[in-house]
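Have the sequence and the 3D view open side by side while you read this.

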Amino acid sequence: MTKFSELGLSECIVRAVTEHGYTIPTPIQQQAIPAVIKGGDLLAGAQTGTGKTAGFTLPILERLSKSPNAPKNKTDRRPIRTLVLTPTRELAAQIEESVRTYGKYTNLNSGVIFGGVGINPQIKLLKNGVDILVATPGRLLDHKQQGTIDLSHVEILVLDEADRMLDMGFIHDIKKVLAILPAKRQNLLFSATFSEEIKTLAERLLNNPAMIEVARRNSTVEIISQKVHPVDRDKKHPLLAHLIKTEGWNQVLVFTRTKHGANKLVEQLIKDGINSMAIHGNKSQSARTKALAEFKDGSLTVLVATDIAARGIDIDQLPHVVNFDLPNVPEDYVHRIGRTGRAGATGEAVSLVCVDEFKLLADIEKLIKRQLPQEIIDGFIPDPHAKAQPIQLRSFQGQGQGQGRGGNGGGGGGGNRQSRPAQGAPREGNAPRTSIKPAVKQSTPRRSGGRGGA
Ligand code: AMP
């Protein structure tokens with residue numbers, strides 16, 4: 001089996017990785033690390049959960065620390081030589097944390113900038129200089145506009161989760177950033193999916209790239225147990241509370257479709273005595289950071305998140321993911337369940353599905369090429385005569401995720417996303433289904449004592 005030390009990494013980097021607890025490189029790391037060290041461009045098809053962050057961070061640290069421009073100590077002023085662009089603040093923060101962890105025995109330093117927080121500490125950070133800067137596009141351009149950032153020494157550019165950045169309407173911002181970077185540089189593009197838009201971007205950006213594709217976790221790794229609980233629309237909350245209590249779940253990431261839905265669910269769960277917090281684009285950055293920290297350290301039982309806010313949340317061994325609402329975009333299902341069962345750990349992903357969501361479920365099953373097992377929980381048998389209602393898309397509700405620019409320069413808006421109804425999502429006015437899906441198996445209930453939504 002290949003080891004980190006066999007991939008061309010220096011001893012000081014291997015030491016940091018080993019101390020962090022990794023012994024075997026993941027498939028993306030095995031391929032990406034030597035390719036990036038060689039110096040060429042890279043096009044990688046990999047989603048969160050595959051180990052892609054270390055896949056680009058480690059070889060970048062290697063290259064920067066070995067180059068003639070390498071700093072002699074940690075504190076000297078230095079120009080930005082690597083720029084990592086990410087769609088969300090959480091992902092940016094986590095990548096920068098990884099850079100610091102893996103780079104702790106090198107002389108390299110790093111910094112992170114994103115919107116939704118004060119700009120002045122970032123100005124100071126940029127003034128002192130960092131070797132590796134992780135940024136969301138909006139705030140980066142704010143700094144450019146204010147003249148507080150110099151990108152003229154960038155040698156390596158990483159576009160992480162490029163598909164998500166395009167989904168969020170960042171393409172113009174990305175083009176603006178590309179225009180101000182030095183022409184000669186190494187480009188690494190990571191994307192979970194390859195739409196025509198991504199291919200066009202890749203063609204424009206990359207020069208004879210090495211290509212790596214690692215399998216989607218859900219198609220190859222069967223360590224995530226997936227299950228659907230059919231339930232009535234208004235019984236989802238009591239069912240969730242029931243599952244948390246009877247199953248003794250103590251660390252549950254719950255996805256809702258909208259910010260309003262997230263807030264409402266948190267209120268309901270707190271009334272049930274279940275310690276819960278929400279994380280979404282309308283929350284202040286400090287509230288988001290606090291919720292995430294408490295969830296990570298185990299003091300918060302339930303974190304309710306919208307899709308964008310949850311992007312890149314990286315929690316080792318997260319045991320339970322619940323889709324309180326199914327996502328409008330089938331690919332988001334894969335991203336959501338990828339929060340659990342990461343890097344070899346087992347995990348459980350449960351979806352609470354009501355009559356309105358059967359079309360979404362069918363789209364997901366088509367994407368993942370398998371039918372998800374269904375189990376009706378005793379006391380929560382769905383009404384067979386329930387009529388489907390159209391699903392409110394966040395785009396019609398002004399429920400953008402606030403990762404774009406705006407507000408104080410990068411935290412607020414997300415407006416671009418709102419104007420683009422998700423591909424494959426049901427439009428309002430679609431003929432609703434009128435009866436429960438016949439495929440629902442009423443498996444012998446293995447649980448009893450359900451509250452029946454009382
Ligand atoms: P990423 O795809 O970069 O978000 O990483 C997914 C998860 O895998 C994170 O929780 C990492 O800490 C973990 N991870 C990354 N590389 C390895 C490795 N070589 N061995 C074990 N866990 C890893």
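C12 is buried, with a relative accessible area of 18%, and C354 is buried too, at 3%. Here, buried means under 20% relative accessible area, exposed means over 50%, and partly exposed is in between (1.4 Å probe, protein chains only). How many disulfides are there? The count comes to zero, where a disulfide is a pair of cysteine sulfur atoms within 2.5 Å. In general, a disulfide is a covalent bond between the sulfur atoms of two cysteines.

A quick word on where this comes from: this is a predicted model, where local features need pLDDT of at least 70, side-chain atom pairs count only at pLDDT 80 or more, and totals for chains, interfaces and linings use all residues. Residues are numbered from 1 along each chain as its sequence is written, and side-chain values use heavy atoms, with hydrogens and water left out.

Now for the cores. A nonpolar core is a set of buried Ala, Val, Leu, Ile, Met, Phe, Trp, Tyr and Cys residues joined through side-chain atoms within 4.5 Å. The largest one here has 37 residues, and L42, L58, I60 and L188 have the most contacts inside it. At least two residues of this core come from each of α1, α2, β1 (42-45), α3, α4, β4 (132-135), β5 and β6. Those labels are DSSP runs, numbered from the N terminus: helices are H or I with at least four residues, strands are E with at least two. The largest share of the core, six residues, is supplied by α3. There's also a second, separate core of 33 residues, and F170, I171, I174 and L206 are among them. As background, nonpolar side chains tend to be buried together in soluble globular proteins.

Let's zoom in on L58. Leaving aside neighbours within four places in sequence, L58 is in contact (heavy atoms within 4.5 Å) with F4, L9, I13, V17, I33 and Y102.

The structure holds two aromatic pairs. Rings of Phe, Tyr and Trp (its six-membered ring) pair if their centres lie within 6.5 Å; planes under 30 degrees apart count as stacked, over 60 as edge-to-face and the rest as tilted.

| Pair | Centre to centre | Angle between planes | Type |
|---|---|---|---|
| Y22 and Y102 | 6.3 Å | 55° | tilted |
| F56 and F190 | 5.1 Å | 55° | tilted |

Y22 sits in the loop between α1 (11-19) and α2 (27-38), while Y102 is in helix α4 (residues 89-102), so this pair links parts of the chain that are 80 residues apart.

The charged end of R15 sits over the ring of Y105, 4.1 Å from its centre. K236 lies over the face of F324, at 5.8 Å from the ring centre.

T86 is in the loop between β2 (82-85) and α4, and T86 is buried, with a relative accessible area of 0%. Which residues does T86 touch? Leaving aside neighbours within four places in sequence, its contacts include V134, A135, D160 and M165. E90, found in helix α4, is buried at 5%. The C-alpha atoms of E90 and I308 are separated by 9.5 Å, although these residues are 218 residues apart along the chain.

Two backbone angles are worth a look. Most residues other than glycine have a negative phi. E161 has a positive phi near 50°; E161 lies in the loop between β5 (156-159) and α7 (162-167) and is buried at 2%. N208 has a positive phi as well, near 45°. N208 lies in the loop between α9 (196-205) and β7 (210-213), but counts as exposed at 72%.

Last stop: helix α15 (residues 330-337) is mostly covered, with seven of its eight residues buried. Among them are D332, H335 and R336.

How values were computed
Lys NZ or Arg CZ within 6 Å of the ring centre and 35° of its normal.
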